[in-house]
Amino acid sequence: MKKIIFTTLICTAPIFANATDMCARDNVMVLAFDPQVEGTSSGRNAAEWSWWTQFPYGRIAGEATCLSAAEGLGQTSVGVYYGSGEYASTFITADSGLSGVDANGAERKYCWCKMTHPAVSRWVLTNAYANKGSCINDCSTSCWYNLKNNKSSAFKKAIFETIGM
């Protein structure tokens, strides 16, 4: 009986060693983000404009910001990460934690989110609020909520699609 167990272990060990080698080669990690999987828990730090969502495969964390329509290059469609019109192929760039009004006095009422861990995504529009106050209060919540709960949301798909862009 001991010989059978020992022989089985010796025969299967190379299989496990090769499987590990095939999944992580040359210091590269492979992660599969599936928009159909819902998160199990989540939270935010409103003061730091940060958020997180726990999934069965690990934790995703990110940051939030509020932008005006001009700062979002005219984009007001949820799930989009590029401008509109002449900026249709330009990615949105921004700093985390913007709020209030932009340099021209326009309200920053569009909530944009970005994954920062375990990979980095582009800024993706998740919500258009009625005013800047609502964006300030709810933006980071909107990020984790839409990532955690909405299986087929354009926002969730865009966050995963823009990793590494």
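The legends below describe close-up views of a predicted model.

The model is predicted, so local features need pLDDT of at least 70 and side-chain atom pairs count only at pLDDT 80 or more, while totals for chains, interfaces and linings use all residues. Residues are numbered from 1 along each chain as its sequence is written, and side-chain values use heavy atoms, with hydrogens and water left out.

**View 1**
Helix α2 covers residues 132–149, which is 18 residues. Helices (H or I, at least four residues) and strands (E, at least two) are DSSP runs, numbered from the N terminus. From its first C-alpha to its last, α2 reaches 24 Å, close to the 26 Å expected at 1.5 Å a residue. The expected span is 1.5 Å times one less than the number of residues in the helix. At Asp138, α2 bends by about 55°. The bend at a residue is the angle between axes fitted to the seven residues ending there and the seven starting there. Asn131 caps the N-terminal end of α2, with a side-chain oxygen 3.1 Å from the backbone nitrogen of Gly133.

**View 1. The covered residues of α2.**
Among the buried residues of α2 are Cys135, Cys139, Cys143, Trp144 and Leu147. Buried means under 20% relative accessible area, exposed means over 50%, and partly exposed lies in between (1.4 Å probe, protein chains only). An α-helix has 3.6 residues a turn, so residues three or four places apart point the same way. The buried residues of α2 pack against β1 (41–45), β2 (50–55), β3 (58–67), β4 (110–117), β5 (124–128) and α3 (154–161). Thr141 is also found in α2, but counts as partly exposed because its relative accessibility is 25%. The C-alpha atoms of Thr141 and Arg44 are separated by 6.5 Å, although the two residues are 97 residues apart along the chain.

**View 2. The nonpolar cores.**
In soluble globular proteins, nonpolar side chains tend to be buried together. A nonpolar core is a set of buried Ala, Val, Leu, Ile, Met, Phe, Trp, Tyr and Cys residues joined through side-chain atoms within 4.5 Å. The largest core has 22 residues, of which Trp51, Ile60, Cys111, Cys139, Leu147 and Ile159 touch the most other members. The elements that give two or more residues to this core are β2, β3, β4, α2 and α3. Helix α2 gives the most, with five residues. A second, separate core of seven residues includes Leu67, Trp112, Trp123 and Leu125.

**View 3. Strand β3 between its partners.**
Seven of the ten residues of β3 are buried. Strands β2 and β3 pair in the antiparallel sense over six bridges, and they form a hairpin with two residues between them. Two strands pair if DSSP finds at least two bridges between them. Phe55 has Gly58 in β3 as its bridge partner. Strands β3 and β4 also run antiparallel, joined by seven bridges.

**View 4. Gly62 in β3.**
Gly62 is found in strand β3 and counts as buried because its relative accessibility is 5%. Its bridge partner in β4 is Met115. Not counting residues up to four places away in sequence, Gly62 touches Trp49, Ser50, Trp51, Lys114, Met115 and Thr116. Contact means heavy atoms within 4.5 Å.

**View 5. Arg108 in its loop.**
Arg108 is found in the loop between β3 and β4. Arg108 counts as buried because its relative accessible area is 12%. A polar atom of the Arg108 side chain lies 3.0 Å from the backbone oxygen of Ser99. Leaving aside neighbours within four places in sequence, the residues in contact with Arg108 include Cys66, Glu71, Asp102, Lys132 and Cys135.

Trp49 lies in the loop between β1 and β2, and its phi is near 55°, a positive value in a residue other than glycine. Trp49 counts as buried because its relative accessibility is 12%. Leu73, in the loop between β3 and β4, has a positive phi of about 55° although it is not a glycine. Pro118 lies in the loop between β4 and β5. The peptide bond from His117 to Pro118 is cis, with omega near 5°.

Methods. Polar contact = N/O pair within 3.5 Å; in protein donor to acceptor, adjacent residues only side chain to side chain.
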